[in-house]
Amino acid sequence: KKATKFNCKRDGRMRFIALTSILLAISQDVRFHGWCEKYGIKVHNCVRLETTPKSVAGRGVFANAPLSEGDVAVAIPEHCVFIEKNLSPMFPKLSAKLKRRRKRFLWFGKILRSKEDYDELVDNLWQAELTAFASASKDADHPWGEWIGQWKRDDATHDMFKRKISWKNDQEIKNTATELNRFLPRVSFNYVEAALKMRLKRYHDLKTIYKLDDSSSTADTYSTLCSRSVQLG
């Protein structure tokens, strides 16, 4: 089976310095390592997947011993990758519904929206689709559900999604932009403000296109997923 490999590519030996002096194996991490082993995810003996507030995602990949160039830190079998190709056979009814809504948007969106708006949404339809699959995985007690339930994100932008702030709420967006700007003083305040409004507007549009549940839980899943994933292909 094919696997996604995370290699260490740097001349000589590479050291990953953990952001905490002692990484404690909490029960959640022990379960997650067991989950990885059960489903064929291979983790290098010198690598640990640890939960720590020092990781922006709540859990990070850390080395507890030196790694050499070419060492595979983590190998993920293709069947474990959270992508539409793997998800559709597991949730056929949901998959069919998402495909119908995508097809409908691709037809009417090209007519009703500006080219710029249409193209931007087309590039991000996968975000709404994976959000729907992630929610279904949790609700159906699917093996992916335990892993998804451990996703973490805690920042000002994510808080806006959880509180279901509208993209039209200029004051809340300004407040969040001000908070973020304190950590990113070299980034234009107007740029941060515009980016926040754009992200909220995109979620609003995707939620409408796919008729996603208008709940804090869905917004939480969408915001966390989008910050931790990339488009393949």
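## Salt bridges, aromatic pairs and core of a predicted model

The side chains of Arg163 and Asp159 form a salt bridge, with 2.8 Å from N to O. A salt bridge here is a side-chain nitrogen of Lys or Arg within 4 Å of a carboxyl oxygen of Asp or Glu. The model is predicted, so local features need pLDDT of at least 70 and side-chain atom pairs count only at pLDDT 80 or more, while totals for chains, interfaces and linings use all residues. Residues are numbered from 1 along each chain as its sequence is written, and side-chain values use heavy atoms, with hydrogens and water left out.

Arg163 also meets Glu172 in a salt bridge, at 3.2 Å from N to O. Arg163 is partly exposed, because its relative accessible area is 39%. The cut-offs are as follows: buried means under 20% relative accessible area, exposed means over 50%, and partly exposed lies in between (1.4 Å probe, protein chains only). Both partners of Arg163 were classed in this way. Asp159 has a relative accessible area of 34%, so Asp159 is partly exposed. Glu172 has 22% relative accessibility and therefore counts as partly exposed.

Another salt bridge joins the side chains of Asp170 and Lys197, at 2.8 Å from N to O. Asp170 lies in helix 8 (residues 170-183) and Lys197 in helix 9, so this pair ties together parts that are 27 residues apart in sequence. Helices (H or I, at least four residues) and strands (E, at least two) are DSSP runs, numbered from the N terminus. Asp170 is partly exposed, because its relative accessible area is 42%. Lys197 is partly exposed too, with a relative accessible area of 28%. Elsewhere, Arg113, Asp117, Lys201 and Asp205 are linked in a network of salt bridges. The structure holds 13 salt bridges.

Aromatic rings were examined next. The structure holds 7 aromatic pairs. Rings of Phe, Tyr and Trp (its six-membered ring) pair if their centres lie within 6.5 Å; planes under 30 degrees apart count as stacked, over 60 as edge-to-face, and the rest as tilted. The ring centres of Phe161 and Tyr203 are 5.7 Å apart and their planes stand at 70 degrees, so this pair is edge-to-face. The pair links distant parts of the chain. Phe161 is in helix 7 (residues 156-162) and Tyr203 is in helix 9 (residues 189-210), 42 residues apart. Phe161 counts as buried because its relative accessibility is 4%. Tyr203 is buried as well, with a relative accessible area of 7%.

Phe161 also forms an aromatic pair with Tyr222. This pair is tilted, with 5.9 Å centre to centre and 45 degrees between the planes. Phe161 lies in helix 7 and Tyr222 in helix 10 (residues 216-227), so the pair ties together parts that are 61 residues apart in sequence. Both Phe161 and Tyr222 are buried. Phe161, Tyr203 and Tyr222 form one aromatic cluster.

Helix 7 also holds Thr157. Thr157 counts as buried, because its relative accessibility is 7%. Leaving aside neighbours within four places in sequence, Thr157 is in contact with Thr176, Leu180, Leu196 and Arg199. Contact means heavy atoms within 4.5 Å.

The largest nonpolar core has 49 residues. A nonpolar core is a set of buried Ala, Val, Leu, Ile, Met, Phe, Trp, Tyr and Cys residues joined through side-chain atoms within 4.5 Å. Ile41, Phe82, Leu87, Leu130, Phe133, Leu196 and Tyr210 touch the most other members. Helix 5 (residues 125-139) gives the largest share of this core, 8 residues. Leu87 touches Phe82, Leu130, Phe133 and Trp144, not counting residues up to four places away in sequence.

Accessible areas come from the Shrake-Rupley method with a 1.4 Å probe; for residues, only the protein chains shown count as cover. Ile111 lies in helix 3 (residues 92-112). Ile111 counts as exposed, because its relative accessibility is 61%.

The protein chain as a whole has 10 helices and 7 strands. Of its 233 residues, 39% count as buried. Among contacts between residues at least 6 apart in sequence, 66% join residues at least 24 apart. The accessible surface of the chain comes to about 14,400 Å², and 54% of this belongs to carbon and sulfur atoms.
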